[in-house]
Every structure is written in C-alpha cells, then in structure tokens.
Amino acid sequence: MSRPTLGDVEQILAALAQEGYIADREIATAIYLSIELHKPLLVEGAAGVGKTEIAKVMARALDTDLIRLQCYEGLDVNTALYEWNYQKQMLRIRLEEGSGRSPEEKEQTIFSEPFLLRRPLLQAITHPRAPVLLVDEIDRVDEEFEAFLLELLSDWQITIPEIGTIRAQHVPYVVLTSNRTRELSDALRRRCLYLWIDYPSFEKELAIVLRKVPGISRQLAEQIAAFLHAVRALDLQKVPGVAETLDWSAALLRLHRDHLDREAVERTLGCLFKHHEDQRVARGPWLDRVLAVIADAQRDGQSLQAALDRLERLARG
Amino acid sequence: MRPELGSLTEHVVEFSRRLRARGVLCGPGETADALRALRAVNLVDREAFRLALRTTLPHRREDLAVFDALFDAYWGAQAGPEREGPQERPEAQPPVEASSLGAPSVRGWAEEDAEGEQEVPGYSPVEVLSRKDFSSFREDELDLIARMVVAIARRIATRWGRRRRRARRSHLLDMRRTLRLHLRWGGEFPELAFQRRKVRKHRVVLLCDVSGSMDVYSRFLIQFVYALQEALGRVESFVFSTSLTRVTEQLRSRPLRCALDRLSQAVPNWSGGTKIGTSLRQFLDRYGGLLDRHTVVLIVSDGWDTGEVEVLRRAMQEIRARAARVIWLNPLLGSPGYQPLTRGMQAALPYVHVFASAHNADSLKDLERVLARRRLGQATRRL
C-alpha cells in the first residue's frame, strides 16, 4: 500500500503556511507523525481554535479528498455508513414486473452495490485514493457508536449483510475532533495520537489576523490580538475562539475602523460575545481600562509583554 | 549514533513506565509508537524529540502537564537522559478505617427502629419541622417508598436507543423489510413493516449528602440509594460530607443489613461537616469520565455548604454541561416555610433541571408524575 508522505516536519509547516494555516511545531509534528505512523489523530481543544481546519489543510497538503462525518447525538449507521436507495430499488422492481425472474433473483439485484447509498464512512473506505477522513465532534455520539467507530478504525472493513465484507483499499488518514463535552473511552484515545490545541498566543493570533483579513492595518490587528488576549482571561460563558476574532476583524474593517474605541467595540460586540451575560461584562468599566492599556502601549511603544500582563491582571482584578 | 540508540530505547521504555506510574494512560503500544516516531524525526533537535514523545505517549489533556513535568525531570535541561534515583511510586491509598464517631450511626440503622433519631446539628435552622416527616416512617411506608423509588428510577433511567427492533405498529417504517415483503408478493405493498426504537437505559450517578445536617434523613436516603441501585443496572453511587466516597460496590451486597455494614466501614467521615462543592469537584476530577450526554445526575442534599460557594457553582456548571440531566432532591424543601435560600443551594439552583423535595411519600409521588410526563424534556421544573 503506497501512501504519499509529506517529508519532514519543516515541510509540513511550509505546506500549512502555504495553505494559509498558521501552525506551530506542535501541530505540525502531530500531523506529520499521524501520517508517518498511519495512526488517527485525536484533536481536542475549545471551540473555535481551528481543530477542523487541521483536517482540511491536511487534505489539501496531501492533495487528496476530504471526507467529513459530522457527528451529532443520535447519529446512526444509516447516516454514517450506508443506506439502501429505496426509490431506485422500487423503480427496479417496477421495471422488472413481468420479467419472469424469481423473487430471489430480483432481491439479489436490488440489494447489490449499485443500489447502495454511500455515506461518509463507506465512502472513505472505498475511495480510490487514501482520503482524509474527518470525524468531527466525536464527543457528541453515544458510546455505542464510538465503539463501532473504534472497530472500524482497527479493522478498516465493514460488513453489509446483503453484500458481504468490504475491506478498505487504502487506509484513510483520520482526524477526530472533540470539544470534550463527554469523556471519550480510553480505548479510543489509545488508538490515536493526541493533540491539544489551546487558544493562540498573542503573536500567533496577530499572524492569523494579518494573513486571513486582507487589508487590515498592523496597528488594528495588534489591538485586536491584544484585546482578545484580555478577553480570554475574563470569566465568560463562551470564550471567543479564532473564528470569532476573524469575524470581528472583518466587521471592524467593514466599519472603516483603524483603531479600537468604545463605540467601535460596542457596535460589534455580537461578533465576539454570544451570551447576554458576557456582553454585559464586556460593556462594563473593564472595557475602558483595557482600551486605555492597549492605546498606551501602542503610543509609547512600550514592551508588549508588559502590556499583555497588565491586561491579564485587569481581567482577574 | 547506532550504539546510543539501544540505550535510548531503554530510556524511552523507562520514561513511559514512569508516566504510567503517575497515572498516565500509556502502555507498551504507546511506547512502541514513540519509538517509531523517534525514528521519523530529527533526534538532534531536542524540541522535535520532545514533541514526538508528547504526541505519542499521553492521550488526554490532563496528562500533558504530567508529561511536561516528568519530561524536564527525566531528560533534564539537556538532551541526554539524566540519572534519577529508584523510581518513587505514588503512595498507595491508606486503607480507610471506619471513623469511630461516624460508624455507629450507619451501623445502627439496620436494627434500630425509626424512633432512634439522631441529633440534628446546630447549624441547620429548620431542625424540628423537618425531622417530623421522617420520624413518622413506619415499616409499611418504607415498603411503599421503596416501590415508588423503583418507579421513579425507571422514569429517570430510560431513553430511546439508537438500535431498532421489529414492531407491529409504529411510526417508523422498516424500509428494508417492507421491500423484501414487497418482492415476495410481487405487486403493490401488501404489508408495511415497522420498527420501533429500543428503549435504552440511562446511566444514573447518585451523589448523596450524608453530612451532619442531613443525618435525620440518612436512614431513608440509604434505602433510596439501595432501592435505586437494585432497580437499575447502571447506577454509580457516591456519598459525601467533607469528602467523597464511592459506595457502589458496598451497596451491591445483599441483604440491606449487610450492605449497611460494609458501608459503615468504607465511609470515613460519616456525619461530619459539609463541603458540597469540594466533594463535587472531587467527583469530577476522579470520576468525571462517568458523565456523558446520557447520564442522569441525582444529587440528594439540603444544600448546606460550609465550603467556598464559588467552588460549588463551578462544579455544578460543569456537571450540568456534561450530563444529560441534573436532578436535585432536597429533603428540606417539604418543610413549611423552607426556602432554598442557603448560599450553596442558591449557587447550585441555576444548573439544576429538576429541583424536588424528597421528604415524604407524597413528594416522591409528585416527582414520579413529573418525570412521567416528559421523557428528558428540557424545561426546568420546580416541585
């Protein structure tokens, strides 16, 4: 079985950068080893830190297809694996009326591969080239389905009663993501390599904003990254992720802002804070203090680290 | 580099062993992965070496901190592994001895009749009123309550499953079977095949307050827990006062008297003060894996917490986020004039789906009725 590989970690970093993903070495190493060791990669972290992106970038960098299985509570085999195409089956039965074939023959015809609807897992197994299979938010499915998935990840084969066993021609690259709403089983964890993605550092977030929001000034991007740094130290119901940062940056740009002030923040509050209670906190006197610290730091060109530390203290105090 | 690779392998094996000794989920499979990973990275690069081990050995976020600490200690500031003394094992849990103060109050229940009341600790303001309910329990009433508990347990603990089974009539068509029938008859649909979703059981996690302020209810409560565990397969039971003890095993003993005996030996701080928040936090840290979207958490407590309210609030928030449903039974709620105003209760309430009293038979009947009306509905109920 030949699998294309990506060379070493440095090359993966370059490939990721080329795809517009700002990754650190930790992420690049995890992707690299997942490919080299042929092992699924379990990615955990808060919502909005770019877990799903990893699979997308991996597929683009490997120049292969991405097949995505979005998990939700109640996900069953019919949606994840395969389903029979009942309309097509019925049409065939109609067409064959009066053909004189025995019911057994007809049954064999309509329960054969052409009448199969391939859902993501079956697609991944039967793909002509090893694809990237993204199992998104695995923590949402129940234990039973998790056990089923674990079996699939070990054997890479599935059995359809009417057809028989289908074995994977090319073992897919697998990325599983979890928001940790439920503890995953130890067995599943041990099947995977592990990557935890934290919220980005100030430098990383700044780089992401500069790259992903065309036309934004460095001054505004720095203010945004510093602001988010302060926001994440707050005690919030829903901490904004990178996706929120980008939405917010785009909104500020649309409003033709080149710096942060109270009015700009208040008008765009909904991009960052998705809970009423969080918005109330953000609107409070905290906001003026944070904006003052950021403005001072930029005007005086003082050490950014000192300003970030002050911002964190502001959030706690 | 050849000769060194052998010793490196030994060190990686030893390193994994130490991780395992510190509770990290990490066996021979992980060690083998780590060694394969090391072959794929540039070993001269210390950071590459560290990341290769970090990606392959630990599997959960909690273990990353353990890994980081041990990595520095074991491999030192330089890439070369550093000598360390004989490996220290995490201290074994000292055998829990029954507290001389607490044990009798448990052990007594099996023999004692309902007249033998316990003293209500001083800091509960509603002592006399609430005590009355329980002192009036007679044996036949206890029987009735046990039956009701079973009915409640069934309500709490069932849900619709993913698997389906055949059914004569239902709203779910079984297309696969219908088509087969269709073929057999060769014409129009002679018969529709139906399926029904199987009813599956929820897991129930029971957290029962056995602190001093709850003492008068304890006899009843343990019976409740015992009956619940008997009725359902998947119950995990814990009792807490200042700390938490898992009692699932002890309560599996038959008969009840025997279970109570074992229980009294296992629980170290029976009828002490109450630290609800700390106890719930302990539960989350040690047994958090029990919680998922199909777990019902049943907390039985009067909400008198002598610990930090914020600790309680955060623990409740996390439980609520991770469990299917949170039910809080408060034995004091039935007392006339009682308002759930204790600070602990106030902090916990926003995270509770069903808040009900459990002070007498009628209140349990009410609870059963509410649970019957909705199978895991979302609305918060106050009884």
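Here is a short chat about a predicted model with chains A and B.

Biologist: Let's start with Leu184(A). Where is Leu184(A) found?

Modeller: Leu184(A) is in the loop of chain A between strand S8 (173-178) and H9.

Biologist: What makes Leu184(A) count as buried or exposed?

Modeller: The count of other C-beta atoms within 10 Å, which is 22 for Leu184(A). The cut-off for buried is 20 or more, so Leu184(A) is buried.

Biologist: Which residues does Leu184(A) touch, leaving out those up to four places away in sequence?

Modeller: Ile138(A), Asp139(A), Glu146(A), Ser178(A) and Arg189(A).

Biologist: Why quote both an angle and a distance?

Modeller: Because two packed helices are described by the angle between their axes and the distance between the axes.

Biologist: And what is the handedness of the crossing of H11(A) and H12(A)?

Modeller: Right-handed.

Biologist: Which residues meet there, H11(A) to H12(A)?

Modeller: From H11(A), Leu220(A), Ile224(A) and Leu228(A); from H12(A), Thr245(A), Trp248(A), Ser249(A) and Leu252(A). By class, that contact has five nonpolar residues, two polar and no charged.

Biologist: Now the contact of the two chains. How many residues does each chain give?

Modeller: Chain A gives 33 residues and chain B gives 34. On the chain A side, the elements supplying at least two residues each include helix H5 (86-95), helix H8 (143-155) and strand S9 (193-197). H2(A) gives the most, with six residues.

Biologist: How does the side of chain A that touches chain B divide by class?

Modeller: Into 13 nonpolar, four polar and 16 charged residues.

Biologist: Last one: what does chain B contain in helices and strands?

Modeller: Chain B has 14 helices and ten strands. Of its 383 residues, 37% are buried. Among contacts in chain B with a separation of 6 or more, 75% link residues 24 or more positions apart.

Note on methods. Residues are numbered from 1 along each chain as its sequence is written. Chains are lettered from A and ligands numbered from 1 in the order in which they are written. This is a predicted model: local features need pLDDT of at least 70, side-chain atom pairs count only at pLDDT 80 or more; totals for chains, interfaces and linings use all residues. Helices (H or I, at least four residues) and strands (E, at least two) are DSSP runs, numbered from the N terminus. A residue is buried if 20 or more other C-beta atoms lie within 10 Å of its own, exposed if 12 or fewer, and partly exposed in between; C-beta atoms are placed from the backbone. Two residues are in contact if their C-beta atoms, placed from the backbone, lie within 7 Å. Ala, Val, Leu, Ile, Met, Phe, Trp, Tyr, Cys and Pro count as nonpolar, Asp, Glu, Lys and Arg as charged, and the others, Gly among them, as polar. A crossing is left-handed if the near helix is turned anticlockwise from the far one by less than a right angle, and right-handed if clockwise.
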